[in-house]
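Biologist: Could you put the model up and talk me through it? I'd like to start with the overall fold and then go into details.

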Amino acid sequence: HAAALAAVLALYAAAVVTLSTALPRAADRGIHTLVMLGAVLAFHPILTLLRRTVGRTIYGGRADPARTAQQIGALTEIAAVIEETARALRLPRLELRDRERIRATSGTPAPTLTTTDVPVDADGRLVLRVGLPPGRPRLHPDEQVALNLVARTLGMLIHETELAAELRTARAAVVASREEERATI
């Protein structure tokens, strides 16, 4: 951040010097002031864009948790949701766990990572175990918001997947019973 800010300030200072040397010395102070104000207004969008770009590069999607959760919510595969969440939030490790096992994972396990759990469902059966980047003792508040939003979406996706599996099983049982009934008749 500091290097980018220093580069923008140097560029701004160069533009101010160039503009002030381009204006004749005899020009009214009001003209000089208006030109410098125009330079400030022209640099504001550049600075905003640079700040956003650097923030996205360093922090991923944590600066805009709702947008990150919305993009991830469009995915329909549980493993893809876990992988994309870890990528978007720049997390070294992310696991979807239930009481018995790891259901999906992203990143490599490292025993030195600090972890924290984010509940996925109301009864605590499913959790997102988040491996934090080295040197970070806890989640950033924006990461917590994004993970909570993703957890809700993930909980609904898991519930939908489980209901679809139950429906397939029930349909197969109905077909089998009909076939058995036909064979009996």
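What follows is a conversation about the fold, the sheet and the surface.

Modeller: Before we start, this is a predicted model, in which local features need pLDDT of at least 70 and side-chain atom pairs count only at pLDDT 80 or more, while totals for chains, interfaces and linings use all residues. Residues are numbered from 1 along each chain as its sequence is written, and side-chain values use heavy atoms, with hydrogens and water left out.

Biologist: Fine. How many helices and strands are there in the protein?

Modeller: The protein has 5 helices and 4 strands, where helices (H or I, at least four residues) and strands (E, at least two) are DSSP runs numbered from the N terminus. Read from the N terminus on, the order of elements is α-α-α-α-β-β-β-β-α.

Biologist: And what's the order of the strands in the sheet?

Modeller: The 4 strands make an open sheet in the order β2-β1-β4-β3, with antiparallel pairing; two strands count as paired if DSSP finds at least two bridges between them. Because β2 and β3 (115-119) stand at the edges with a single partner strand each, one side of each is left without a neighbour in the sheet. On average, neighbouring strands of this sheet are turned by 15° against each other, direction ignored, with axes taken as lines fitted to C-alpha atoms (for helices over the stretch in contact) and angles running from 0 to 180 degrees between N-to-C directions.

Biologist: What about β4, then?

Modeller: Strand β4 (residues 127-131) runs antiparallel to β1 and is joined to it by 5 bridges, with Leu128 in β4 as the bridge partner of Leu96. There are also 5 bridges between β3 and β4, again antiparallel, and there Asp117 stands opposite Arg129 in β4.

Biologist: Is β1 mostly covered or mostly open?

Modeller: Strand β1 (residues 93-97) is mostly covered, since 4 of its 5 residues are buried, meaning under 20% relative accessible area, whereas exposed means over 50% and partly exposed lies in between (1.4 Å probe, protein chains only).

Biologist: Which helices lie against the sheet?

Modeller: Helix α4 (residues 78-88) lies across β1, β2 and β4, running at about 35° to β2. Helix α5 (residues 141-184) packs on the sheet and touches β1, β2, β3 and β4, its direction making about 55° with that of β3; contact here means heavy atoms within 4.5 Å.

Biologist: Changing topic, how much of the protein is buried?

Modeller: Buried residues make up 28% of its 185 residues.

Biologist: And where is Leu34, buried or exposed?

Modeller: Leu34 is located in helix α2 (residues 29-59), and Leu34 counts as exposed because its relative accessible area is 59%.
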